[in-house]
Amino acid sequence: MVEVSSPEGKKMLFVMTTGPEDPEKTYAPLYTAALSAAMEVDTSMYFLMHAPKLLKKGAAEQVKLKKGGTLKQFIDMAMQNGVKFYVCEESLVDLCEIRPDELVEGVKVVGSSTLTDLALDADSVVSF
Amino acid sequence: MAIINGCELPENLLYYLEGNQMTWIRVEGELATVGLTDPAQTRAGKILHVRMRSPGTQRESNKPLATIESGKWAGPVMSPVAGVVEKVNEKLDATPSLINEDPYGEGWISQIRFSNQAQLSSLLKGGEALKRYQEILTRENIRCIRCQK
C-alpha cells in the first residue's frame with residue numbers, strides 16, 4: 001500500500017460534475033475530500049455542470065443513499081473537516097437555474113477561470 | 001461508570017469536546033492516552049481504517065493524531081494537548097474495529113508525552129463532562145451501540 005508520510009501542507013482539488021440525477025455517484029467525492037482534509041491536506045472542491053444542484057438549500061436532504069442516510073451528512077462532514085467549496089457561477093445560474101442566495105452557507109460562487117487557478121495551484125486534481 | 005442514552009462514559013477520564021471531537025484522555029504522569037468515546041465510535045459506525053501519526057511526531061493541540069475512516073464517516077482525531085507521540089496502538093492496523101468493540105480499552109489510539117501540565121485544565125471531567133455529553137447526545141440523537149467481536 002502506498003502511504004505518503006507527510007501529506008500535510010499539500011493541496012488537492014476535487015472536481016465534481018454529478019448532480020442529484022445519480023445519487024450513488026455523489027457521496028464518494030465528498031467522503032474522499034473530507035478524508036483528505038482530515039489528513040491536513042489543503043482541500044478544495046469545485047462544483048460544475050449538474051453538481052451545483054446538490055448545494056441548493058434542502059437539496060442534499062432529498063438525495064437518499066442506498067447505504068442509508070442522505071447526502072447532507074457527507075456535505076456537513078466535508079465542511080466540518082475544512083474542505084473549501086467553490087461553485088461555478090455559469091453552471092449554477094445558466095444550467096441549474098439556481099440563484100447564489102439559494103445555496104447553503106459556506107459555499108463560494110466563482111467564475112470558470114477559478115477552476116484553472118485552483119487546478120494549477122494544486123498538487124493533485126481528481127475529477128468525478 | 002455513567003450511562004447516558006446507552007453510552008458508557010467512565011467518570012475517571014478526561015474528555016475533549018472541541019469542534020466535532022469526542023475523545024477521552026487518560027493521564028499517567030506526563031503521558032496522555034487518547035481514544036474515541038462510546039458516542040464517537042457509534043457516530044462513526046464500523047471503523048474500517050485508522051491512520052496514525054508515527055511515534056516521535058510533534059503535535060500542537062487540536063492537530064490530527066490520527067485519521068479514522070468508516071463507510072459513512074471520515075475525520076481526524078485531534079490531539080487534546082501539545083506534545084510528542086510516544087506510542088500508537090499497532091493492533092488497530094489489523095483490527096481497526098477494536099475502537100468499536102472496546103473504545104476505552106483495547107481500542108485506544110495514541111499516547112502523547114505532553115509538554116505542559118497546564119493544558120490539562122482545559123479538558124472536561126466529572127459532572128461537567130457528563131452535562132455536555134447529555135446536551136450533545138440529545139441534540140444529535142445518538143444512542144450508543146457496540147460492534148461485537
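Predicted model: local features only at pLDDT ≥ 70, side-chain atom pairs only at ≥ 80, totals over all residues.
I'm counting a salt bridge as a side-chain nitrogen of Lys or Arg within 4 Å of a carboxyl oxygen of Asp or Glu. By that rule I looked up A:E8 and found its side chain paired with B:R53, N to O 3.1 Å.

Residues are numbered from 1 along each chain as its sequence is written, chains are lettered from A and ligands numbered from 1 in the order in which they are written, and side-chain values use heavy atoms, with hydrogens and water left out.

Entry: the A/B interface. I get 17 residues from chain A and 17 residues from chain B in the contact (heavy atoms within 4.5 Å). The buried area is about 1,300 Å², with 47% from carbon and sulfur atoms; that is accessible area (1.4 Å probe) lost on putting the two parts together, summed over both. I count 3 salt bridges between chain A and chain B.

Entry: A:E40. I found A:E40 in a salt bridge with B:R53 too, closest N and O atoms 3.2 Å apart. A:E40 sits in the loop between helix 1 and strand 2 (42-47) of chain A, and B:R53 in the loop between strand 6 (47-52) and strand 7 (58-59) of chain B, so the pair joins two chains. Helices (H or I, at least four residues) and strands (E, at least two) are DSSP runs, numbered from the N terminus. Both A:E40 and B:R53 come out buried, where buried means under 20% relative accessible area, exposed over 50%, and partly exposed in between (1.4 Å probe, protein chains only).

Entry: inside chain B. I checked B:R146 and B:D38, whose side chains meet in a salt bridge at 3.0 Å, N to O. B:R146 is in the segment after helix 4 (126-139) and B:D38 in helix 1 (residues 38-44) of chain B, 108 residues apart. B:R146 is partly exposed at 28% relative accessibility, whereas B:D38 is buried at 1%.

I then looked at B:E135 and B:K131, a salt bridge at 3.8 Å, N to O. Both lie in helix 4 of chain B, 4 residues apart, about one turn of the helix. B:E135 is partly exposed at 41% and B:K131 is exposed at 58%.
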